[in-house]
Amino acid sequence: MSKRTIKKVAVIGSGIMGSGIACHLANIGLEVLLLDIIPNALNDAEKAKGFSLSDRSVRNRIVNTSFQNAVKSKPSPLYHPSFAKRVVLGNLDDDLAKIKSADWIIEVVVERLDIKQQVFVRIEQHRTPGTIISSNTSGIPIADMSQGRSEDFQKHFCGTHFFNPPRYLKLLEIIPGPKTDPDLLLFLSEYGEKFLGKTSIITKDTPAFIGNRIGIFGIQSLFHQVNTLGLTIEEIDKLTGPVIGRPKSATFRTVDVVGLDTLAHVAEGIHKNCPQDEAHDLFEPVDFVQKMLENNWLGSKTKQGFYKKHTDKNGKKEIHALNLKTLEYAPVKKVKFDTLDKTKPIELVEDRYPILIAGTDKAGEFYRANFGAMFHYVSQRIPEISDELFAIDLAMKAGFGWLHGPFEIWDFIGINQGIKLIEDLGKKAPDWILAMAQANQSFYHNEEGKRLFYDQRQKDYRPIPGQEAFIVLNQIEQQHIVFQNAGVVVHDLGDGILNCGFKSKMNSIGGDVLAGLNTALDLAEKQYDGLIIGNQGANFSVGANIGMIFMMAVEQEYDELNAAIKYFQDTVMRLRYSCIPTVVAPHGLTLGGGCELTLHADRVVAAAETYIGLVEFGVGVIPGGGGSKELTLRASDSYRKNDVQLNRLQEFFLTIGMAKVATSAYEAYDLDLLQKGKDVVVVNKDRQIAVAKQTARMMADMGYTQPQQRQDIMVLGQQALGMFLVGTDAMQAGHFISEHDKKIANKLAHVMAGGDLSEPTMVSEQYLLDLEREAFLSLCGERKTLERLQQMIRTGKPLRN
């Protein structure tokens with residue numbers, strides 16, 4: 001296979017998906033050309049300005065408006081606002097010839113075969129032979145789209161189905177046409193995984209491919225079960241959300257976001273093109289869906305769907321849910337099932353499945369029917385939509401946000417139990433399932449650090465391809481665990497590198513985690529060459545154990561609290577000044593103490609989707625685990641490059657005082673929570689631990705030398721303190737902050753100014769740590785702080801007062 005390099009991509013079509021794809025391509029540094037049609041008439045604003053249809057701004061109006069709407073949308077499609085400059089906008093009449101220099105052309109126009117074919121005719125007039133050309137179709141057969149095109153076009157043509165929103169949903173389905181070069185498919189699969197951060201799956205050219213075929217079946221099945229079991233939409237969303245490892249939006253809220261019309265369109269395509277599907281009738285719209293479509297109740301886009309926001313006569317806003325029998329809205333009702341109550345103490349989702357299907361109430365009945373129907377359907381789709389069962393699981397996890405795929409859930413429930421669920425519905429499991437169950441009791445197992453799946457063609461297990469680039473911590477054999485306690489597990493990753501991963505609730509940092517970190521450092525310093533701190537949970541860490549801090553503060557155990565905070569400080573300083581290289585691998589929420597750990601590593605290998613910040617102000621304290629000290633240090637280091645010292649210090653002060661959280665790793669550079677030229681960003685989180693290992697190994701091989709503690713941090717003393725105190729007085733006088741907020745801010749000011757020093761002075765890190773700890777402890781004794789801590793424990797949300 002000859003080498004390909006992607007430098008420039010042309011995206012044809014600037015709708016929600018086209019602009020989203022363009023933004024994500026820009027996220028990874030590519031030059032993007034985004035084109036759309038020209039308008040056929042002036043709008044009122046253009047008429048008022050005296051424009052004509054020949055004006056460039058008019059001709060680019062559609063693409064300009066679509067792209068700007070995308071850039072302004074929340075959550076942002078861009079890792080950083082500046083990345084929008086990488087996208088050049090144009091129209092199909094004036095700028096189509098520019099695709100000649102593109103390495104990849106992606107068509108993202110309306111889902112109509114005739115329109116797509118017209119676009120391909122125009123593209124072929126300007127496309128350079130050998131250039132990749134793909135369609136972002138969600139279900140139109142690839143073979144139909146490429147008919148009539150040249151041999152070179154068909155050889156380099158395939159489907160590339162991104163899921164919306166492209167930045168956040170990982171699935172990329174790559175669908176071959178009849179003449180697609182196999183090497184091209186392999187290239188796009190690797191490119192999607194390595195550069196775009198995707199879970200790439202090469203699928204068959206079957207209706208709706210893999211993700212939508214299974215996902216739409218699941219939703220349509222639920223639509224029918226609502227009627228059969230007499231469940232409300234609130235009950236279905238409670239049963240199909242986080243309790244089974246699905247997104248909080250569950251089923252009906254997800255449909256509202258996606259759009260009921262979009263769902264109905266895909267379901268109609270499956271119904272039309274899959275007459276042999278045993279669930280064919282299930283893809284017809286149920287009565288309530290048909291009525292909602294007629295009423296234009298499509299979800300968020302029309303302000304009402306299964307849910308809508310309601311404002312009463314007093315201006316109070318609340319969410320109302322649709323009664324599917326009467327089609328009337330009423331306030332959302334709380335949902336309670338005994339079966340769900342039994343799962344509350346069970347943290348691991350996989351351990352809940354057996355309990356859920358054993359329930360004796362309506363919830364248990366629902367789960368038995370739901371899982372049984374899903375198991376039957378996915379097992380029937382082998383080999384129709386995929387020869388390999390793992391592809392179905394990956395598609396559902398990456399495209400629909402499921403924690404576990406259908407075959408993985410079946411494993412957790414048990415093969416024979418799953419077969420019974422199918423039979424209880426009056427159905428029969430496929431022969432390959434029954435044959436497998438005679439000799440094997442799982443679809444997956446781990447062997448020598450690799451994940452193996454059951455291949456029904458070979459009637460044996462074989463490794464899932466493409467694992468070589470990943471390190472999956474929960475697949476590492478027991479003998480490679482060198483230490484574990486209630487808070488951490490330490491793995492030997494090979495090549496002299498250890499990884500310390502958290503396993504506390506929400507990866508919060510308490511005594512067990514700190515003890516585990518110190519043990520990991522002990523082991524690494526004595527027997528290994530480097531240490532990574534990383535895990536593969538949903539989030540890196542939500543911060544310190546608030547409950548522990550609250551209990552000590554309530555009991556006024558200030559000596560114990562002082563010791564606990566010093567233990568945290570000593571641990572992060574040990575991380576910074578170890579004799580071996582330390583690498584932290586943050587991802588997802590990396591807040592408070594999790595951020596402080598990150599700040600003290602030799603190197604950071606951050607996932608692009610890292611939401612990092614020092615958020616302690618929200619619970620009434622300042623960062624006490626080295627965070628206040630570290631941002632003061634980083635401000636001091638910046639003085640050498642910037643003479644406006646007070647302004648720079650104020651920027652770092654506001655990062656803490658406003659509890660700023662970066663919405664990507666790239667934004668973390670702006671907040672100086674990551675450091676350019678030192679810390680790196682990995683787009684594909686699945687590669688993160690492997691890259692961190694390479695980084696630690698490289699540092700060790702280059703001859704790592706233990707650094708010396710800093711004694712040269714410039715603090716500005718009274719000059720800075722006066723500026724901060726005047727500012728907090730003004731903020732309180734203007735009613736922008738409360739009296740307690742002012743007190744917290746003044747404590748932080750005292751630390752970051754270095755105390756009440758008469759002139760700028762060089763101080764040590766320990767000097768600042770002592771100030772930081774003293775301020776933290778004094779705030780823990782405040783009634784308002786205790787109220788905020790209690791609120792945080794009870795609701796998970798900080799209290800502002």
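## Helix packing and salt bridges

Leu 260, Asp 261 and Ala 264 in α12 meet Val 289, Met 292 and Leu 293 in α13, where contact means heavy atoms within 4.5 Å. By class, this contact of α12 with α13 has five nonpolar, no polar and one charged residues. Nonpolar here covers Ala, Val, Leu, Ile, Met, Phe, Trp, Tyr, Cys and Pro, charged covers Asp, Glu, Lys and Arg, and the others, Gly among them, are polar.

The model is predicted: local features need pLDDT of at least 70, side-chain atom pairs count only at pLDDT 80 or more, and totals for chains, interfaces and linings use all residues. Residues are numbered from 1 along each chain as its sequence is written, and side-chain values use heavy atoms, with hydrogens and water left out.

Helices (H or I, at least four residues) and strands (E, at least two) are DSSP runs, numbered from the N terminus. The axes of helix α12 (residues 260-273) and helix α13 (residues 287-295) come within 10 Å and cross at roughly 125 degrees. That makes α12 oblique to α13; angles under 35 degrees count as roughly parallel, over 145 as roughly antiparallel, 65 to 115 as roughly perpendicular and the rest as oblique. Axes are lines fitted to C-alpha atoms, for helices over the stretch in contact, and angles run from 0 to 180 degrees between N-to-C directions.

The whole structure has 49 salt bridges, each a side-chain nitrogen of Lys or Arg within 4 Å of a carboxyl oxygen of Asp or Glu. Three of them are tabulated.

| Salt bridge | Closest N and O atoms |
|---|---|
| Asp 455 and Arg 462 | 2.6 Å |
| Asp 522 and Arg 574 | 2.4 Å |

In the pair of Asp 522 and Arg 574, Asp 522 is partly exposed at 31% relative accessibility, and Arg 574 is partly exposed at 22%. Salt bridges that share partners join Lys 204, Asp 387, Glu 388, Asp 455, Arg 457 and Arg 462 into one network.

Note on methods. Buried < 20%, exposed > 50% of the residue type's maximum accessible area, 1.4 Å probe, protein only.
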